[in-house]
Structure formats: structure tokens, C-alpha cells
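I opened this entry to look at fold, surface and core. My notes follow the structure.

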Amino acid sequence: MSGELLTLDRFEEAYETVSRVTLRTELTYSDYYSELTGAKVYLKPENMQRTGAYKIRGAYYKISTLTDEERSRGIITASAGNHAQGVAYAAHAYGAKAVIVMPTTTPLIKVNRTKALGAEVILYGDVYDESCEHAYKLAEENGYTFIHPFDDLMVAAGQGSIAMEIIKEQPLADTILVPVGGGGLAAGVSTLAKLLKPNIRVIGVEPEGAACLKASFEAGKVTTLDKVSTIADGTAVKTPGSLIFPYLQKNLDEVVTVADEELVMAFLDMVENHKMVVENSGLLTVAALKHLDLAGHKAVCVLSGGNMDVITMSSVVQQGLILRDRIFTVSVLLPDKPGELSRVSGIIAEENGNVIKLEHNQFVSINRNAAVELRITLEAFGTEHKNTILGRLEKEGYKPRLVRTAV
């Protein structure tokens, strides 16, 4: 073993170690994304992994390399959720105390699951970076052994076991897409992938609102963003890891960014086409496919996790339906006379629109020819169907106006 370097020997040891506790997340061929891209697209479903994310790999391998004395002092880390569960699981497996500092914005499901694995949870800070600073302080005060969620070569070596599994299962894969937060997963996967297949292409994907690695690549050095704002809470990181940055520079071929709206629509695609729940950070790779020309290639998208709370899920589904024009709200002004409501309802029914909600307001105007506002929230098949309904209302003499907020 060559010290703390990401060598093939190190990756091999990490792979064998994490194999003792990880579940087999076999590649899933995606008819949907393959047809969309003209490539053969496979999904690496780490959302189905133990603790619901890939993070158990790096956490377990890192803790396996600690001395008994380091473990006996207790382990502390900071995490937006998935690394927390990985550390909690691994610490419990080794009989060590685990303290996890999480941002106050962390979804409740991640907090509760971390506690259920035996860890002490401290909520501190609005974003990961503030939580991490607090965790360092507690480590110094209490003598805990700190495990960084991504800026640690042994953690990255554990995450790299994903690349070993991908290439073993699909040796002809020529492209791997991997989500990027702080860069630990991307460093491990890209470095091992290049060691095993020097010509393979590895693409990192970040949310537009937290593109710290893209900014760092452009600056040629580790760069800290002023702020982060994204629904992909697991990758909401201001600064990429400095220890792993050289590996990212050397082994990542490209960094792509995607907008939050694209993640919302990717969630719907994943649920409807693959019957899988994948958290927003885990959807980065499939959302990026439309930005790349992969026709004729064999690509693997790493779905990094699936720990999404039900409230967030319902909000994402609702927003996705709105963005896809499958739910919309229209306002029409009606004459104040009997039968008008029935007439509008009949038009919508004839065009196969499904009414979800209806608001009838008789006090919008004193003009009796346009005195009643009818706001109707409708379910449609998509943009074409929505436009058909609107066109029919116009043809029948109404002046439909789309309302921004649908539900």
C-alpha cells in the first residue's frame, strides 16, 4: 500500500472492504434515456444502496482504516444527510460513538434515519459549510476523530468502488456521469475508472446554483462560492475538497451544470419510467444527458441517493406537473347570467380536460357582461392538450388567461 494515495492497490483494498457491507446495485438499462439520447444508457442505482445512498462506501472504508484509539475517541462528521447515515452505520458496525452535525435545512427523513442508526445529531448552520466548521470546533473541544464527507482520500477510495463495479459489469462502457457536491464521489470514480480504462470519459454534473467545481476548474484552483441555492441539498456545497482537487483536475473530462427545473422534470421521468424514487442530487446525471451528445455511446449514470422526504417529494411532483403543462390554471370572465358555468364546464369536458379545482368569484366587476371570474385548475396530457383547451375556450368567445400559480 502506498500511503494515502489513490493507487490501484488502495482502490482494490477499498473495494474488497466495502463489499462486506454494501448491497449489489446492478446496472439497469434505461429504454427511456437510451431512446432520448441515441446512446445505450445504464443507471447505477445507488438510491437502492444500504442507507439509501452511496455514502456508506467511503464512510465504512475510512473507518476501517482508523486505529482502535482513533475509533475509541468517537467519530464526528458534518453532512447534509447521506454521509451522516453512512458514518452512523459504519461507526455502529465498529462499536464507535458517532456525532453528526447537519444543516438545519436537512430533510427530516435524513435526520431521523441518522438517529435511528445510533448517532447523536446536532443541527447547526444553514448550509453544509457552516455545519462543517462547527463539527471541526466540536472535534477539537472533545477530542473526536473527524471524518470529512468528501475531502479525504480514503473516503474517495471507498466511493471509487462504484467504478470497479460499473466496469466489471459493463466493461464496454465508455462514459460515466457522476454527481458533484464537494467532489469525493467524482474523485474516487474518475480516478479508478481512468486507472482501469484510460480512454473512458468521466463527466461531473453539478447544480447550477452550487457549481463550485466548475468555478474552481475555470479559476485553476479551489474556489469558494459566495452562496449556494439549489433544491439538490446533497450537493449544496460552496467549496470543493482541496486534497481531492488534483485528482478531479486530472481525471474529470468535463463538468456540466443543470438547472433546478431540470431536476424537477427528471424526478417525474424517473418515477414514471423506472418506478424509482431518486433524490434531487441523484438526478443530476440523468438531467445532464440532454446537454451532451452521447449518440452511439455506452453511458452509465450514477444515481447517488434516494433519501427524499415525502413533503419534498410532493412539492417536486407538483412543480414537475406544472412545468410539463400537465396541470395549469386558467381564468375566464363570464357574463353574470344562469348557465355560463355549465357551458364552460361542458367545453372543458368535450376536450377531455380534468377539473381539479374551481373558484367562482362574482365580485370582480360591476360590468354584468364580464362580472364573474372563473378560475379553473385543470389536468391535461401536456402542452399540446393544454393549448387545445385554451383554443377551444377562445373559439367559444371567452378570453382565457393563464394564471401563474396553478395549485
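I took buried to mean under 20% relative accessible area, with exposed over 50% and partly exposed in between (1.4 Å probe, protein chains only). By that cut-off, 57% of the 407 residues of the protein chain count as buried.

I noted the source next. This is a predicted model, where local features need pLDDT of at least 70, side-chain atom pairs count only at pLDDT 80 or more, and totals for chains, interfaces and linings use all residues. Residues are numbered from 1 along each chain as its sequence is written, and side-chain values use heavy atoms, leaving out hydrogens and water.

I looked up the fold. The protein chain has 17 helices and 14 strands (DSSP runs numbered from the N terminus: helices are H or I, at least four residues; strands are E, at least two). Its C-alpha trace spans about 85 × 50 × 40 Å along the principal axes.

I checked contacts, meaning heavy atoms within 4.5 Å. Among those in the protein chain with a separation of 6 or more, 72% come from residues 24 or more positions apart.

Then I went to the core. I used buried Ala, Val, Leu, Ile, Met, Phe, Trp, Tyr and Cys residues joined through side-chain atoms within 4.5 Å as a nonpolar core. Which residues have the most contacts inside the largest one? They are Ile76 and Leu252, in a core of 52 residues. Helix H10 (residues 184–196) gives the most to this core, with 6 residues. Leaving aside neighbours within four places in sequence, Ile76 touches residues including Val99, Leu138 and Phe146. A second, separate core has 30 residues, among them Ala232 and Phe267.
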